[in-house]
Amino acid sequence: MGDEKNLSQYEYNKVPDTEKLPEKVDSPPKFGYGVRHIQLVIFFLCLTVCIIGRGHLGVTIVAMTHNPELSITTDNTSIYLKKNNDTNLTNHSNTGETEKAFEDFKTSNGSHEIAMSNSNPEHKTWIWPKSIQEMVLNSFFLGYMIMMFPMGMVCQRYGGKLPLQIGLFVTGIASIITPWLAIWGDWKAVCGCRIVQGLAQAGTYPSIQSLLAKWVPEDERASLGSCVHTGLTLGTVIAFQLAGFLGASKWGWPSTYYVVGVICMLCFIVLTVFGAANPLEHKSISQEEKNYIMRAANKGNGKKLATPWRAIFTSKPLWGTIITHVGTSLTFIFFFNQVPTYIHYILDIDVRNSGMLSSLPYVASIFTSLFFGWLADYSANNNIISKNNTRRISDSVASFGMAICLILTSYTSNSVIAVSCLVVAMAINMGHNTGWMVNYIDLAPNFAGTLLAVGNTIANIFGVLSPIVVSYVVIDMTNITQWRIMFFIASGISIVTNVIFVLMMSTDVQPFNYASTDETCVEDMQGEFKEKKKAFDVL
C-alpha cells in the first residue's frame, strides 16, 4: 500500500495545475547574431519609412499655408486672392487693399488660396484657418482608427508582413498623387489622401508588435524591441528635416510628397524580397537559430490559435495597459502635430528652421530609447529589479517627464529654453517603449498584434477628438496663453493614465495566451492520469 501511495502521488505531481499556466521551459543557451537581427533591421526600416510617410505633414503644412497676419507685409508684390469656390481672381497690388482683403478673409471659416503672381502655380499656398489645418493634420488618424481592428485581425491570421506591405505600398502611391489632387481639390483632396494613408497604415504597429513577438527571445525583448521602435523617432527626424528642407527649396512643398512616395516604394520592395513573418517562413535561417528563437521566445509550435475575445476584454492587466496607451497616444499626437506649428508661430522660426528644431526632440530620443531598452533587460535579467517594476518605472519616468517638460515649455517664449524642454520631453518619453508598449507582448506573445490593435483602436477613437479640442482652445496660433492651456491638458492626461497603469499592470503571461491549444494539452494529461489512477485502484 505504501508503494501504491507513493506511486500515485508521483503520478499526481506530473499533472499540471489547471489553475495555473504551463511553465515556460528553461531558457536555451544564447545564440549569437543571426538572421533574426537582419529581420529586425528590415522591420526597423519599414517602421521608419511609414513614420516618414505619416509625419512630414506637421512641417509640410507650414509650407503649404499662409498666415493672414504675416501675408499683409508683402508690400511690393502683387498678390492674387481667391475665396474657395470663387472663380474671380482679385489683384491686390496696393498695400491698403491687401490688408482690407485679409481682414475680410479672417472673418470667414472657409479655405482660401493665395498664389504669388511670379510663382509656379504648382507651388501655390492656401490660407487655411486652424480648424481646417487640424482636419488636414488629423485626417490620417480617422482612416487609421477605422481600419485598426480589421488590420489587427489580418495580422493575427496572416502574420505581420502582409499589413506592413500594404501600408508601405498604398502610402507611397497616395503620397505621389497628393500634390496634383491638392491643386484640384484644395484641403478636401489632401484630407482624402491622408485618410487613405491612414487606412493602409493601420496595421503598422500591430504588424511590428506581432513580428517582434515571433522573432525576439524573451530576455532580449526590451532591448531589441526598443531598437526597432526607434524607427518612430528616426522617421520623425527625417520627416521633419526633409519637409523643412524641401518646403523651403526651389522645388517647393510638392517635392516632399514625391520623395516620400519613392522611399515608401523602395522599402516595400525590400520587405517583399527579404522579409519573413516568422522564423518558420524564412528560407535561409539555420535550424539551430530557428529552434533557439522558437524556444526562447516561448512560441510553442507556431500553430494558429483562436482569438479568445471574452478573456481578452475581461483582463484587468490588459485594461491597465490600454488606458496608459490611450493617454500616451493623445499626448504624442498633440506633440507630433502641434509642436512644429508652435515653434513656427510662438517662437517665430521660419519653415526650414522649424523642421530642424522640430526634429531635435526625436534625435535625442533615439539614444534614450536604446538606453531604456538596454537598462530594462539588464535590470530584469540580472534580478536587480523585477520585470513588473521595470515596466512601472520606465512608464512613470516617461509620463511624468513629458508632463513636466510640456508645462515648463508653455511658460517661456525663449526659443533656446523652449526647444531644450521639448527635446528633454521627447527623450524621456521613450521610456514608454519598455513600459506599456512591450507589456502587450508580456501579457500574450501569441496575440501581441491583436492586443495592440485593440489598444490602438481605442486610442485613435479618442485621438480623433484631439483636433476638435485643439481648434476650440487654440483659436489664435500666436497666443501663448491658449497654447499653455493645451499643454496642461496634455500633461494631465499623461499623468492620470500612467497612475492607472502602475496600479493595474502585470507582466505575467495571461491564461488566454494559450487559447485552446494548451487547454487541450492539459485535458489530455488529466485523462491520461485518470486512466492510470484506475489501474492503481484495481491493484
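Colleague: How much space lies in the largest cavity?
Modeller: This is a predicted model, where local features need pLDDT of at least 70, side-chain atom pairs count only at pLDDT 80 or more, and totals for chains, interfaces and linings use all residues. Residues are numbered from 1 along each chain as its sequence is written, and side-chain values use heavy atoms, with hydrogens and water left out. A cavity is a set of points, on a 1 Å grid over the protein atoms alone, where a 1.4 Å probe fits but cannot get out; points are joined across faces, edges and corners, and a volume is the space filled by probe spheres set on them. By that rule, the largest cavity holds about 400 Å³.

Colleague: Which residues are closest to the centre of the largest cavity?
Modeller: Lining residues have an atom within 4 Å of a cavity point. The largest cavity has 22 of them. Closest to its centre are Y205, L232, S329, F332 and W436.

Colleague: Which element gives the largest share of that lining?
Modeller: Helices are DSSP runs (H or I, at least four residues), numbered from the N terminus. Among the elements that give two or more residues are α2, α6 (130-158) and α13 (316-345). The largest share is six residues, and it comes from α13.

Colleague: How many charged residues are in the lining of the largest cavity?
Modeller: Asp, Glu, Lys and Arg count as charged; Ala, Val, Leu, Ile, Met, Phe, Trp, Tyr, Cys and Pro as nonpolar; the others, Gly among them, as polar. The lining has 13 nonpolar residues and eight polar ones. The charged count is one.

Colleague: Which helix gives the most to the lining of the second largest cavity?
Modeller: This cavity has a volume of about 40 Å³. At least two lining residues each come from α8 (204-215), α9 (221-247) and α17. With four residues, the top contributor is α9.

Colleague: Which residues touch the most other members of the largest nonpolar core?
Modeller: A nonpolar core is a set of buried Ala, Val, Leu, Ile, Met, Phe, Trp, Tyr and Cys residues joined through side-chain atoms within 4.5 Å. Buried means under 20% relative accessible area, exposed over 50%, partly exposed in between (1.4 Å probe, protein chains only). The largest core has 92 residues. Touching the most other members are F43, F335, Y362 and L451.

Colleague: Is T48 buried or exposed?
Modeller: T48 lies in helix α2 (residues 35-55). Contact means heavy atoms within 4.5 Å. Leaving aside neighbours within four places in sequence, T48 is in contact with G231, L234, G235 and I238. Its relative accessible area is 5%, so T48 is buried.

Colleague: How far apart are the closest N and O atoms of E289 and R36?
Modeller: A salt bridge is a side-chain nitrogen of Lys or Arg within 4 Å of a carboxyl oxygen of Asp or Glu. E289 and R36 form one. E289 is in helix α11 (residues 287-296) and R36 in α2, 253 residues apart. Both are buried, and the distance is 3.5 Å.

Colleague: Which residues are linked in a network of salt bridges?
Modeller: D442 pairs with R221, the closest N and O atoms being 3.1 Å apart. D442 also meets R391 in a salt bridge (2.7 Å, N to O). D442 lies in α17 and R391 in α15 (residues 387-409), so this pair ties together parts 51 residues apart in sequence. The network links R221, R391 and D442.

Key. On a 1 Å grid over the protein atoms alone, a cavity is a set of points where a 1.4 Å probe fits but cannot get out, and a pocket is an open set with protein on both sides within 12 Å along at least five of seven lines; lining residues have an atom within 4 Å of a point.
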